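Okay, thanks for coming, everyone. Let me put the structure up and walk you through it.

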Amino acid sequence: MAFPVTRLRRLRRTAELRNMVCETRLTPDAFVYPMFVCPGEGVRKEVRSMPNVFNLSVDKAVKEAREVHALGVPSIILFGLPEKKDEVATGAWAEDGIVQQATRAIKREVPGLVVMGDVCLCEYMSHGHCGIVKGIPLAKSLGAAVIDTLRSAKTIAVRDAAEKESAIEKVASQVAEYAKRMEFEIVNDASLELLAKTSVSLAKAGIDIIAPSDMMDGRVAAIRRALDEAGFINTPILSYAAKFASGFYGPFREAADSAPQFGDRRSYQMDGANIREAMREIEADIEEGADMIMVKPAMPYLDVIAAARERFDLPLAAYQVSGEYAMIEAAARNGWIERERVMMESLLSIRRAGASIILTYYAKDAAKLLG
Ligand SMILES: [Zn+2]
């Protein structure tokens with residue numbers, strides 16, 4: 001039946017009718033609230049590019065966790081800012097690591113809250129990459145680099161000590177730039193061991209769900225094996241199965257102080273152009289034993305969420321990432337959009353695309369509106 005018999009506006013006439021035919025509903029049960037834990041006491045430091053998101057010391061994180069739980073949000077995911085970073089990500093797997101400490105405190109004070117642990121190495125590595133980095137020897141020695149740099153430099157006339165100093169600095173920085181261009185590799189298999197070790201350490205601290213976000217091949221299998229061997233057969237894995245190399249992570253890197261010091265993450269995170277490859281990534285993680293899967297970011301990849309929902313039967317999560325949050329906040333602060341309306345619309349779109357679990361910095365605010 002076509003118009004005029006069919007009039008789709010009939011069911012949009014009143015709020016009651018619209019509510020009756022509503023296809024997608026948001027509830028706080030779907031939300032996971034990300035939190036950034038840092039050393040110290042009484043610390044509640046706002047992330048510059050993420051208004052209302054804070055780096056929290058353990059005591060403050062407990063307070064925040066209590067508030068989250070009271071609002072009806074069932075789960076949080078923890079990220080850590082360690083005291084020190086090194087080349088083997090000690091802070092990720094140490095028994096007294098910052099996330100381990102926070103987990104023990106939160107599970108003691110707010111036992112009903114489901115605590116997820118993000119498993120990655122970047123926040124704990126001095127170089128900021130998600131795996132172990134191996135330098136590939138330069139074709140030329142550093143000495144040759146210096147000679148090259150000097151040869152290509154124009155003759156610099158110096159008149160005094162200060163000018164000489166600045167000329168030396170300039171040449172040195174050129175050599176340093178050259179050294180930075182050194183090729184490197186994020187080593188896959190050796191990284192698995194650290195990821196597995198981190199997962200076991202988090203499970204020991206009381207983490208309820210292990211969530212690996214590193215994108216190394218084979219990590220889910222390695223983590224599952226290690227958890228089982230350590231007796232954590234009932235600890236589920238939520239894998240960041242399709243995680244794209246995205247510009248939308250910018251503000252997070254400030255929040256978690258995890259920007260890579262050289263290169264980028266395109267050799268392990270996915271190319272934003274590839275949806276078929278995303279399906280293969282998800283399939284691989286399921287075969288390796290993932291209990292739940294995730295697509296990240298959410299809004300620029302709603303089609304990937306929808307395709308994953310269509311194809312796989314596991315619980316599906318999506319991460320509304322820092323850049324998605326920051327864009328809405330920035331536009332709202334300028335008075336260009338209605339904050340609450342756009343916040344809810346963005347969450348609804350993720351839900352409609354097929355994600356049943358949404359990791360979002362809006363978890364608390366959205367729960368307040370829905371409550
Ligand atoms: Zn990482």
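Some housekeeping. This is a predicted model, where local features need pLDDT of at least 70, side-chain atom pairs count only at pLDDT 80 or more, and totals for chains, interfaces and linings use all residues. Residues are numbered from 1 along each chain as its sequence is written, and side-chain values use heavy atoms, with hydrogens and water left out.

Now the overall picture. The C-alpha atoms fill a box of roughly 85 × 55 × 45 Å along the principal axes. In the protein chain you've got 14 helices and twelve strands; these are DSSP runs numbered from the N terminus, helices being H or I with at least four residues and strands being E with at least two. Of the 371 residues, 47% are buried, meaning under 20% relative accessible area, with exposed being over 50% and partly exposed in between (1.4 Å probe, protein chains only).

Let's zoom in on helix H4, residues 98-109. H4 has twelve residues and reaches 17 Å from first C-alpha to last, close to the 16 Å expected at 1.5 Å a residue; that expected span is 1.5 Å times one less than the number of residues. Its buried residues are Ile98, Val99, Gln100, Ala102, Thr103, Ala105 and Ile106. And what covers them? Strand E1 (31-37), helix H2 (58-70) and helix H7 (188-205) are among the elements that do, and so is helix H3 (90-93).

H3 is where Gly91 sits. Gly91 is buried, at a relative accessible area of 15%. Beyond its neighbours within four places in sequence, Gly91 is in contact (heavy atoms within 4.5 Å) with Pro82, Gly97, Ile98, Gln100 and Tyr124. Ile98 and Gln100 are on that buried list for H4.

Last stop, the metal. Which residues hold the zinc ion's protein donors? They're Cys120, Cys122 and Cys130, each through SG, 2.2 to 2.3 Å away. Donors here are N, O and S atoms within 2.8 Å of the metal (3.2 Å for Na, K and Ca), and water is not among the atoms, so sites may look incomplete. The spacing is C-x1-C-x7-C. Cys120 and Cys130 both lie in the loop between E5 and strand E6 (132-135), so the pair ties together parts that are ten residues apart in sequence. Both of those cysteines, Cys120 and Cys130, are buried.
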